[in-house]
Amino acid sequence: MASAAAAAAVGLIGRPGFADEGPPETTTIRLAYYSNICLAPTLVARELLRAEGFNEIQYVRTSESFTVPQLVARGEVHFASTFAGTLAYYLDSGLPITALAGIHSGCYELFAHEPVRTISDLRGRSVAIQELNSDGHHYLAIMAAYVGLDPQRDFTWVTSPEGNPMKLFAEEKVDAFLAFPPEPQELRARKLGRVIISTLRDKPWSQYLCCALYGGRDFVQSHPVATKRYLRALLKAADYCAEEPSLVARQLAGMGFSRFDYALQTLSEIQYRAWREYDPEDTMRFYALRLHEAGMIKSEPKRLIAEGTDWRFLDELKRELKG
């Protein structure tokens, strides 16, 4: 079923425009993934990658996204996707990675128990995260800084010994939890807590990309054709997720990533065509500025963008993949 659905994506979205690119410098590509439905474009891109000339496509399963930038920097995987604010954090630390494109917007939701109604109400309260410097930690810190809270002092970060912060929230051991798919869908189904921030609907979060595609700096510089071909396959896969959410949801369910209903809800809500409309540089600037204001990074956004991003491939593909 997965192969048939992926082949359908190639048929619906079309074969690549090879133009004068030539073949990829390598026919082997290693991609990082973990259990998050919003990574659907990566998970359904296999046939699109084959169409781009990659004969050996290796999916490297990792525990969570905050462990992946180091793997990409070391060359253990070539490309991955993570929260744009996390990229800013690791670029500030000097990690040799390069942001290439935004992929979608609107996957995180901040849940809280009564009487918390706004993020400002979290002053003096506790929030559950997977680990310090995880995506959830960075994003929630940015949200706090945006409303004038000091994320390092104004509330207590609680990490889960079991690696399951949602369980802490479900058991009401913490006041809030920043959830990502399929966690929001499960929390709503179980009627646990209330959503106080939706990055899909609430400004300014809905005005920026959430997750970005990136690669190792050395790999991107030495494999420009492979990089463009990877990026084209992933952006086409994102379009496919937007156009055929039910087909992709069935594929993800068949692969064991999620229940079909959770996956369908996620795919129907997340803005997978946002890569066409939103400016990834604006996104990186916004999140980097908030992290800088919160004292979590030292670099100014201008330097991070100059040294850690390369939008040339995206600009070419936006012209090529008009639609």
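Predicted model: local features only at pLDDT ≥ 70, side-chain atom pairs only at ≥ 80, totals over all residues.
Two packed helices are described by the angle between their axes and the distance between the axes. In this model, the axes of helix H6 (residues 135-146) and helix H14 (residues 280-293) come within 9 Å and cross at roughly 75°. Angles of 65 to 115 degrees count as roughly perpendicular, and H6 and H14 are therefore roughly perpendicular to each other. On the H6 side, the contact is made by His138, Tyr139, Ile142, Ala145 and Tyr146, and on the H14 side by Phe286, Tyr287, Arg290 and Leu291. Sorted by class, the residues in this contact are 7 nonpolar, 1 polar and 1 charged.

Aromatic rings were examined next. A pair of aromatic rings is described by the distance of the centres and the angle of the planes. The count for the model comes to 21 aromatic pairs. In one of these, the ring centres of Tyr139 and Tyr287 are 5.6 Å apart and the planes stand at 75°, so the pair is edge-to-face. Tyr139 belongs to helix H6 and Tyr287 to helix H14, so this pair ties together parts that are 148 residues apart in sequence. Tyr139 is buried, with a relative accessible area of 0%, and Tyr287 is buried with a relative accessible area of 0%. Trp205 and Phe286 also form an edge-to-face pair, with 5.8 Å from centre to centre and 65° between the planes. Trp205 lies in the loop between strand E9 (194-198) and strand E10 (211-216), while Phe286 lies in helix H14, so the pair ties together parts that are 81 residues apart in sequence. Trp205 is buried at a relative accessible area of 4%, and Phe286 counts as buried at 8% relative accessibility. Ring pairs link the residues of both pairs into a cluster, which also includes Phe83, Tyr108, Tyr146, Phe180 and Tyr208.

Helix H11 (residues 245-254) has Pro245, Val248, Ala249, Gln251 and Leu252 among its residues, and these five are buried. They cover an arc of only 160° around the axis, which puts them on the same side of H11. H11 is followed by Gly256, whose phi is positive, near 85°.

Helix H8 (residues 183-189) holds Pro184, which is buried with a relative accessible area of 0%. Leaving aside neighbours within four places in sequence, Pro184 is in contact with Cys107, Glu109, Phe111 and Ala179. The C-alpha atoms of Pro184 and His138 are separated by 18 Å, and these residues are 46 apart along the chain.

Most residues other than glycine have a negative phi, and most peptide bonds are trans. Against this background, the peptide bond from Glu114 to Pro115 is cis, with omega near 10°. Pro115 is placed in the loop between strand E5 (109-112) and strand E6 (126-129). Another cis peptide bond joins Pro181 and Pro182, with omega about 5°, and Pro182 is placed in the loop between strand E8 (176-179) and H8. Glu172 has a positive phi, near 60°, and is placed in the loop between helix H7 (165-170) and E8. Glu172 is exposed, with a relative accessible area of 60%. Phi of Lys191 is positive, near 55°. Lys191 is found in the loop between H8 and E9 and counts as exposed at 72% relative accessibility.

Methods
Residues numbered from 1 in each chain as written. Heavy atoms only, no water. Buried < 20%, exposed > 50% of the residue type's maximum accessible area, 1.4 Å probe, protein only. Helix = DSSP H or I, 4+ residues; strand = E, 2+ residues; numbered from the N terminus. Arc of directions from axis to C-beta. Contact = heavy atoms within 4.5 Å. Axes fitted to C-alpha atoms, helices over the stretch in contact; angles between N-to-C directions. Parallel < 35°, antiparallel > 145°, perpendicular 65-115°, else oblique. Nonpolar A, V, L, I, M, F, W, Y, C, P; charged D, E, K, R; others polar. Phe/Tyr/Trp six-rings, centres within 6.5 Å; stacked < 30°, edge-to-face > 60°.
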